[in-house]
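Please look over the sequence and the 3D structure shown here before reading on. The briefing that follows takes up the ligand and then the packing of some helices.

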Amino acid sequence: MTTTTTAAGESIWLFGYGSLIYKVDFPYLERRRARLQGWARRFWQGSHDHRGTPEAPGRVVTLVAEPGAVCVGMAYRVTPAVFAHLDHREKNGYRRIAADFRFDDGSEVRGVVYVAAPGNEAYLGPADEEAIARHIAGARGPSGANRDYLLALAEALRELGSDDAHVFGIEDVLRRIGDGTTD
Ligand code: SIN
């Protein structure tokens, strides 16, 4: 296993599984598709500052520990300086935690991932796909419509070859209820 550290001049791997896959507004040294074992991507986190407001939060993804689950995402090798920007971007309930993830060639690396744990100030928790899709269809925040977050993530996951039943199930409902087109 390769271990990177956060010492000055070094680099660290970051695993992205939500907007960090498709909205890459930070410099990186390298990026590779990766898999995180034992975690599932779920639209269980509220968003007060990007895809909703404190009064009307949107729904965005977090990771939930689930034995046997595999979350496909994009890993970026970044310098520690990048976390000043990313910690601000992910400030609404996410914490950086250490995680081991695996690249397509089978090699494993220890890096970090942003997880919004139950009990954080914006946490919403589980709901069924229909309810989540209706919630997303009606939410909007400073970063834009919540539906655009979902649709961009679904598209990015298709490009990564990820078969994420939760995300695609919510996308199907959103498109069925007629609010799934981007403007
Ligand atoms: C991530 O993408 O890794 C964290 C969640 C998000 O910003 O959507």
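A polar contact is a pair of N or O atoms within 3.5 Å; within protein, one must be able to donate a hydrogen and the other to accept it, and residues adjacent in sequence count only if both atoms are side-chain atoms. This is a predicted model, in which local features need pLDDT of at least 70 and side-chain atom pairs count only at pLDDT 80 or more, while totals for chains, interfaces and linings use all residues. Residues are numbered from 1 along each chain as its sequence is written, and side-chain values use heavy atoms, with hydrogens and water left out.

**The ligand**

- An oxygen atom of the ligand lies 3.0 Å from a polar backbone atom of Y17, and for a polar backbone atom of G18 the distance to a ligand oxygen atom is 2.7 Å.
- Y149 contributes a polar side-chain atom, which is 2.5 Å from an oxygen atom of the ligand.
- The residues around the ligand (those with a heavy atom within 4 Å of it) include F15, G16, S19, L20, V61, E90 and Y94.

**Helix α3 against helix α5**

- Helix α3 (residues 129-138) packs against helix α5 (residues 165-176) at an angle of about 60 degrees, and their axes are 8 Å apart; helices here are DSSP runs of H or I with at least four residues, numbered from the N terminus.
- Axes are lines fitted to C-alpha atoms, for helices over the stretch in contact, and angles run from 0 to 180 degrees between N-to-C directions.
- The residues that meet (heavy atoms within 4.5 Å) include I132 and I136 in α3, and G169 and V173 in α5.

**Helix α4 against helix α5**

- Helix α4 (residues 146-160) and α5 pack at an angle of about 130 degrees, with axes 10 Å apart.
- This contact involves residues including L150 and L157 of α4, together with F168 and L174 of α5.

Conventions: Helices (H or I, at least four residues) and strands (E, at least two) are DSSP runs, numbered from the N terminus.
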